Amino acid sequence: MFRVGYDASSANQKTPNSCVVTKMTALLEVSNLRTRLNDGQQMLSVVDGLDLTIDKGETVALVGESGSGKSMTALSIMQLLPDPRAVIEGEVRFEGRNLLTLTDRQMRLLRGNELAMIFQDPMTALNPVLTIGTQMTEGLRFHLKLNKKEAVQTAVEWLKRVGISRAEDIIDEYPHQLSGGMCQRVMIAMAMSCEPKLLVADEPTTALDVTIQAQIMDLMQTIRRTWDTSILLITHDLAVVHEIADRVVVMYAGQAVESAPAEDLFQKPLHPYTEGLLGAIPSWETETDRLPVIEGSVPSPGHMHTGCRFAPRCAFAAERCDRQEPQLKELKANHHVRCFLHENKG
Amino acid sequence: MTMAVADPIVDVRRLKKYFPIRTGLWQRTTGYVKAVNGISFTVRKGETLGLVGESGCGKSTAGRTMIRLYKPTEGQIIYKGKDIAHLPESELRTSVRREIQMIFQDPFASLNPRKTLGTILEEPLKVHRQFSTKERQERVVHLLEKVGLKRESIHHYPHEFSGGQRQRVGIARALVLNPSFIIADEPVSALDVSVQAQVINLLKDLQEEYELTYLFISHDLGVIRHVADRVGVMYLGQMMELADKKKIYATPLHPYTQSLMSAIPRVGRHKQRERIILRGEVPSPSDPPQGCVFHTRCPQAFADCKHVRPQLKAYQPGHYVACHLYH
């Protein structure tokens, strides 16, 4: 059903050959993504020219403070922006197909199936008036065309895989009967149940306690190893990133300011903002009396500084930074940075 | 901030706070949430005592009970030699209310959106009938500048400020009556990392300048490590371990503290050390386990732990732990 005018050969079938069209390994290629939202008076640019590539089986982290546009990037990729008047420009290529040119119906066949998302607050992301079972089987029946019995069976299997021991009981329970950590497991089970190729996780552990956070992060690692799922992890927490990401993209005010393999970034951050962020985390290894700070706060969309957006808070800002906007440049293999300080070294 | 052992400013003894669970048409009490279930500790003059634990462990309730926002169910709170646990409101207002102040977590919810900063900051002075109008205004401006805001801010409303700036206002408000003891309940948890560092530094500067004593409540062991002199770890309404910061971070004794420390993702030069992942979740505080409250999740629990509740006792001088492994 619901397959009118849709080429089913590529998206809806889980054969490994379905991605032969793409060049080599890139699963998702975002180029020059621009998202603008309407605030009632004007169009505000929340994501401004973002490039992002995720290979098969890779975990890429999108890091930034609130207002940096990281969640908006995720929602743009999933086309789940809260505002119907939002404008998304650029390209989001998933296995070679540009998601931005798909119709709503085509997108629905992919979302939850090939691309799945987990949200920050599991308590509000689940529907409070439907049982866990109903919510979990909906996608299985729609995407995988399972009958009710098979769907319930698969749901129970997945609940067990994410470490819920009394899965058979939980199927008939409502979200309010479960704790936050349990709900997040259910969300992950639900997202994984159609075995997506890309899992977008928006702050999956932010609302949880540290011991539960450790459990969930462990679970995400297992999922990625077992199913070779690519993960786009959105977070403000650099420590979480350090634990599980292969590559990191640091965002500031709607733009990527630095992008590098995780090891590189943590050992030798190049952008003053990244350096500041890393320095501002209370450290476990060295003890200082005062924490290094980044003065000021993140600018709001619509009030961007001309030139480099970070210049007003940057300790190294020169006169040129106020006039001219630096470009993202590749400095070393795979290490990109948007800053004039490193311009001549490239 | 190293301090010689100083006089206690607050001495909490076997403090309990139970909240009744009311159900049914007549709202009968059918049980109690044992949020704080008999904790004892002292806060020394001039120090920062960090209180850590996961959500629901009772750390915020402990703080709020100490400032008498809640009436304690049992126990004593000895502030400057006087038990304030059961003082009537009228007596509280003349002394304790002025000297103990609180900074709240959410700077968006804790400031009245319909009042200007000037009004918000002046109100405590008016309530306590301090100074003339002109002196009051001078003090407000002085404090705004102290916390890093412009003097013109007195005419602005809270919504015009960012989260970090609002938290600065929250701090200024706590300081306005010139208190000696401040309870800061997750003061930086709602802030971004870069702003968080600014506020932590500000709190430290103010502590030095005004000789303040802090009870710093947080779930973030990284932040606690940075601000505290001593650290208490709470779990399910009980104090599990209490020690100098250096000791507790170098050699955590309690299995819960150990797992808490290992669970936290860190940014450091080395990749992950072995992580202790706790099974299951925190039991409900309305029906805490018999014996040691942690035994249901403890990797090292043995028979005794199920029946006998361990007491918080000194294992080494200044290092207290409530665990059968050590006593």
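How many salt bridges does a search of the whole structure find over all chains? The count is 29. Keep in mind that this is a predicted model, then start clicking.

**Stop one: a pair in chain A.** Select R313(A) and E65(A), which form a salt bridge with their closest N and O atoms 3.8 Å apart. R313(A) sits in the loop between α12 (272–280) and α13 (319–323), and E65(A) in the loop between β3 (59–63) and α2 (70–78), so this pair ties together parts of chain A that are 248 residues apart in sequence. Buried or exposed? R313(A) is buried, at 9% relative accessible area, and E65(A) is buried too, at 1%.

**Stop two: chain B.** Now pick R151(B) and E145(B), whose side chains meet in a salt bridge at 3.6 Å, N to O. Here R151(B) is partly exposed at 47%, and E145(B) is partly exposed at 42%. Hop back to chain A for a network: salt bridges with shared partners join R34(A), D48(A) and R309(A).

**Stop three: the interface.** Show both chains: 42 residues of chain B are in contact with 42 of chain A. Together they bury about 3800 Å², 52% of it on carbon and sulfur atoms. Look for salt bridges across it and the rule finds zero, but there are twelve residue pairs in polar contact. On the chain B side, color α7 (193–210), α8 (221–227), α9 (245–250) and α10 (255–263), each of which supplies at least two residues. α7(B) gives the most, with ten.

Select residues 1–23 of chain A, where pLDDT stays under 50.

How values were computed. Residues numbered from 1 in each chain as written. Chains lettered and ligands numbered in written order. Predicted model: local features only at pLDDT ≥ 70, side-chain atom pairs only at ≥ 80, totals over all residues. Heavy atoms only, no water. Contact = heavy atoms within 4.5 Å. Buried area = accessible area lost by both parts, 1.4 Å probe. Salt bridge = Lys/Arg side-chain N within 4 Å of Asp/Glu carboxyl O. Polar contact = N/O pair within 3.5 Å; in protein donor to acceptor, adjacent residues only side chain to side chain. Helix = DSSP H or I, 4+ residues; strand = E, 2+ residues; numbered from the N terminus. pLDDT = per-residue confidence, 0-100. Buried < 20%, exposed > 50% of the residue type's maximum accessible area, 1.4 Å probe, protein only.
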